[in-house]
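Visitor: I would like to learn how to read the features of a structure one at a time. Please take me through this one.

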Amino acid sequence: MELKKLTVEGFIQETSSSSPAPGGGSIAALNAASAAALIEMVAHLTIGKEKYASSEAEMKEVAAKAAALKEQFLALIDEDSAAFNKIMAAFKLPKATDADKKVRHEAIQDATKGAALVPFRVGEAANQLFGLADAVITRGNPNAVTDGAVAAMNARAAVRGAFLNVKINLGSIKDEAFVADLKAKMAAIEADVDAKEHDLLSKVNL
């Protein structure tokens, strides 16, 4: 079952079930996909309008970038759930002998690294949405400015939510260099993600 191909209601119902996946990581990817879609929409609502001819070329570029990111995030919805399922499968491996235990331990570590990397990719890519949101908020069709604002809010939620899911997995990973690398990369992005959202929302004067 591909989560991204479910109906909206089907996805929400699946999320609310007793199954642990899809969970927060997939929802973060969904938030990012929604943000990208809104940005793409505002760009499309600007393209072809004589009144906004000066922004036409930029909006075409924004729409293309947002569309590419949207597809990436949709794929990551399923990748996040698949990564979690790999951890569960690793925990079910046999542990009767020392050799079994070694194989099982390594499988769990590898799967947990994968489960950390998927939401990291979500947050890292979602951080790219702020620049695109700025373009549609400041130079796109003003009648859709609130859609750009919602995109910025969803982008922040995607970054924060995705990175929370990275961090919970890092707590189980023994590879100190791997953990330190991801923590440093997340800290650099998180340092100004709230300010980016605040700055964009301040440009929406209603």
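Predicted model: local features only at pLDDT ≥ 70, side-chain atom pairs only at ≥ 80, totals over all residues.

Visitor: How many helices and strands does the secondary structure of the chain come to?

Guide: Helices (H or I, at least four residues) and strands (E, at least two) are DSSP runs, numbered from the N terminus. Here there are seven helices and zero strands, in the order α-α-α-α-α-α-α from the N terminus on. The C-alpha trace spans about 75 × 35 × 25 Å along its principal axes.

Visitor: What percentage of the residues of the chain count as buried?

Guide: Buried means under 20% relative accessible area, exposed over 50%, and partly exposed in between, with a 1.4 Å probe and protein chains only. By that rule 41% of the 206 residues are buried.

Visitor: Among contacts between residues at least 6 apart in sequence, what percentage join residues at least 24 apart?

Guide: A contact is a pair with heavy atoms within 4.5 Å. For contacts between residues at least 6 apart in sequence, 77% join residues at least 24 apart.

Visitor: How are two packed helices described?

Guide: Two packed helices are described by the angle between their axes and the distance between the axes. Axes are lines fitted to C-alpha atoms, for helices over the stretch in contact, and angles run from 0 to 180 degrees between N-to-C directions. Angles under 35 degrees count as roughly parallel, over 145 as roughly antiparallel, 65 to 115 as roughly perpendicular and the rest as oblique.

Visitor: At what angle do H2 and H3 pack?

Guide: H2 and H3 pack at about 160°, with axes 8 Å apart, and are therefore roughly antiparallel. Their crossing is left-handed, a term for the near helix being turned anticlockwise from the far one by less than a right angle (clockwise would be right-handed).

Visitor: How far apart are the axes of H6 and H7?

Guide: The axes of H6 and H7 are 10 Å apart, at an angle of about 160°. That makes H6 roughly antiparallel to H7, and H6 passes H7 in a left-handed crossing. Residues making the contact include Phe163, Val166 and Leu170 of H6 and Leu182, Met186 and Val193 of H7.

Visitor: How many residues are in the largest nonpolar core?

Guide: A nonpolar core is a set of buried Ala, Val, Leu, Ile, Met, Phe, Trp, Tyr and Cys residues joined through side-chain atoms within 4.5 Å. The largest one has 58 residues, and Ile39, Phe73, Leu129, Val166 and Leu170 have the most contacts inside it. H2 (24-46), H3 (56-91), H4 (98-126), H5 (129-139), H6 (145-170) and H7 (176-202) each supply at least two core residues. The largest share, eleven residues, comes from H6. Leaving aside neighbours within four places in sequence, Leu129 is in contact with Ala32, Ala35, Ala36, Ile39, Leu69, Phe73 and Ala155.

Visitor: How many salt bridges does a search of the whole structure find?

Guide: A salt bridge is a side-chain nitrogen of Lys or Arg within 4 Å of a carboxyl oxygen of Asp or Glu. The search finds 16. One of them joins Arg121 and Glu79 at 2.9 Å, N to O. This pair links distant parts of the chain, with Arg121 in H4 and Glu79 in H3, 42 residues apart. Arg121 is partly exposed at 35%, as is Glu79 at 32%.

Visitor: What does the salt bridge of Arg160 with Asp194 tie together?

Guide: The closest N and O atoms of Arg160 and Asp194 are 2.8 Å apart. Arg160 lies in H6 and Asp194 in H7, so the pair ties together parts 34 residues apart in sequence. Arg160 is partly exposed at 25% relative accessibility, and Asp194 is partly exposed at 31%.

Visitor: Is Thr112 buried or exposed?

Guide: Thr112, in H4, is buried, with a relative accessible area of 4%. Not counting residues up to four places away in sequence, Thr112 touches Ile87, Asn169, Ser172 and Ile173.

Visitor: Is the peptide bond from Ala21 to Pro22 cis or trans?

Guide: That bond is cis, with omega near 10°. Pro22 sits in the loop between H1 (8-15) and H2.

Key: Residues numbered from 1 in each chain as written. Heavy atoms only, no water.
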